[in-house]
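Hello,

Here is the structure I promised. Please open it first, then read the notes below.

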Amino acid sequence: MNEKRVSTARDTALEVLMQISAANAWSDGSLKRTIAKNKLDSRDAALATRLAYGVIQNRILLDYYIGCYCTQRPNHLEPVILNILRIGAYQILFMDKIPHRAAVNEAVEMVKCHGRPKAAGLVNAVLRKFVTNWLDMPALPEDSAAHYLSVRYSHPRWLVQRLLDEIGREETEAFLRGNNEIVPTTIQTNRLKIGDEELEKELHMEDVSVEPHPWLTGCFTVSGTGDLEGLASFREGHFMVQDAAARLVAVAAQPEARDRVLDVCAAPGGKSFALAIDMGDTGDILSCDIHPHKLKLLESSAARLGIHSVRTALADGREPHAAWQGQADLVIADVPCSGLGIIRKKPDIRYKNPDELANLPNIQRAILANAATYVRPGGVLVYSTCTVLRAENEAVTDEFLSSHPDFERESFTLPGPVGTVAGQITLWPQRYGTDGFYICRMRKKTEETT
């Protein structure tokens with residue numbers, strides 16, 4: 001690539017998209033690394049992020065339109081050419097402040113700089129079709145609701161059909177639409193170090209746009225922050241980044257001071273930290289994970305937050321540990337899942353191979369069954385995921401409860417629009433404005449109640 005262009009926002013976005021195509025990289029990590037490598041300033045970093053995420057969020061739709069205007073099928077094009085077309089098409093259709101001529105010309109130059117001068121004419125012709133027709137694009141397929149919604153909102157048809165079966169057309173469309181919108185970041189005050197009002201003033205002084213969360217105390221929504229980790233208030237441990245849905249796991253758990261807590265799949269640690277804050281940093285929280293490097297990051301975050309009640313252990317959630325049997329007042333099993341509830345934060349999750357997800361319920365059942373052995377009589381077990389599919393949520397806990405009569409679901413109350421929950425809830429983004437999450441609270445019966 002031409003060295004002069006390597007630091008531009010469009011080239012950075014292209015580099016990220018190519019990494020995703022070639023190496024199955026995750027967009028957030030790839031963006032962070034590539035922006036740093038290319039030394040982009042904050043303005044270009046923001047544009048590169050918008051372009052990369054925008055293409056990922058609208059990839060199926062963009063490819064549909066490219067297919068309407070190109071003599072070759074999109075999947076027959078060389079990946080670099082296709083991604084350049086996607087970047088150009090996204091700017092024309094979705095970005096008001098970029099002149100159409102600039103989007104076309106930059107795409108043509110990118111093709112040339114990538115040593116594909118013969119493709120310049122194709123890219124120019126296709127994108128000029130977008131410019132000519134951007135207010136009247138070709139009709140979308142209407143042969144089925146699943147096909148139309150899949151193309152319109154760029155979600156795979158298998159997922160759209162699953163959602164249609166579970167929540168119907170209106171809510172499915174609202175869920176899909178929301179996944180393609182920009183959402184603010186939610187943070188939680190570290191009340192071990194600072195109060196809510198003081199943190200809000202501190203963030204305003206750091207030029208952060210901050211608003212109290214509409215219904216969850218101790219949380220704020222922030223925007224216009226750039227790199228949150230660069231803020232002095234973050235470095236000093238005054239807050240942590242955590243969506244309201246994840247925060248509600250700790251609310252549903254209702255920990256008491258000095259509880260013995262076991263978080264069996266803890267990394268990166270947000271739920272353990274929320275519990276520690278709610279408990280006033282008393283008690284004992286054992287945070288486990290299968291990856292040593294993730295535990296080191298968890299320990300570093302705990303130190304930043306000034307949390308002393310959290311300790312770590314390297315452990316597979318499926319493997320029993322005799323010393324932990326029946327010892328915990330509270331066990332949290334936030335299990336590995338498809339992540340389909342956080343597509344709005346990580347847009348590339350939607351393109352996961354469904355075949356690779358098929359075994360997840362077996363893993364989830366194994367972790368839940370093992371985690372249950374650590375709960376003392378009368379103790380609480382909380383199962384949670386960041387997905388919205390019944391197969392990973394209600395189906396798992398239903399099967400667990402049918403084979404573990406010593407446990408039963410227990411009602412709990414969440415703030416704001418959620419209210420009283422009869423033991424389990426799926427937090428849908430289109431209903432509550434949170435990430436998609438499932439929470440189930442269960443209590444182990446005592447000998448007197450069995």
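The second largest pocket has a lining of 23 residues, and Ile20, Asn24, Arg59, Tyr351 and Lys352 lie nearest its centre. Bear in mind that this is a predicted model. Helix 1 (9-23), helix 5 (79-94) and helix 15 (354-357) each give two or more residues to that lining. Helix 5 gives the most, with 4 residues. The pocket holds about 510 Å³ of space. Its lining has 12 nonpolar, 5 polar and 6 charged residues.

Next, the helix packing. The axes of helix 4 (residues 59-69) and helix 5 come within 10 Å and cross at roughly 100 degrees. Helix 4 is therefore roughly perpendicular to helix 5. Helix 4 brings Arg59, Leu61, Leu62, Asp63, Tyr65 and Ile66 to the contact, while helix 5 brings Leu82, Leu85, Arg86, Ala89, Tyr90, Leu93 and Phe94. By class, the contact has 10 nonpolar residues, no polar ones and 3 charged.

Now the cavities. There are 2 of 30 Å³ or more. Helix 1 gives the most, with 3.

The second largest cavity holds about 30 Å³. Val264, Cys288, Ala315, Asp316, Gly317, Glu319, His321, Trp324, Asn370 and Tyr374 line it. They divide into 5 nonpolar, 3 polar and 2 charged.

Best wishes

Notes. Residues are numbered from 1 along each chain as its sequence is written. This is a predicted model: local features need pLDDT of at least 70, side-chain atom pairs count only at pLDDT 80 or more; totals for chains, interfaces and linings use all residues. Side-chain values use heavy atoms; hydrogens and water are left out. On a 1 Å grid over the protein atoms alone, a cavity is a set of points where a 1.4 Å probe fits but cannot get out, and a pocket is an open set with protein on both sides within 12 Å along at least five of seven lines; lining residues have an atom within 4 Å of a point. Grid points are joined across faces, edges and corners, and a volume is the space filled by probe spheres set on the points. Ala, Val, Leu, Ile, Met, Phe, Trp, Tyr, Cys and Pro count as nonpolar, Asp, Glu, Lys and Arg as charged, and the others, Gly among them, as polar. Axes are lines fitted to C-alpha atoms, for helices over the stretch in contact, and angles run from 0 to 180 degrees between N-to-C directions. Angles under 35 degrees count as roughly parallel, over 145 as roughly antiparallel, 65 to 115 as roughly perpendicular and the rest as oblique. Contact means heavy atoms within 4.5 Å.
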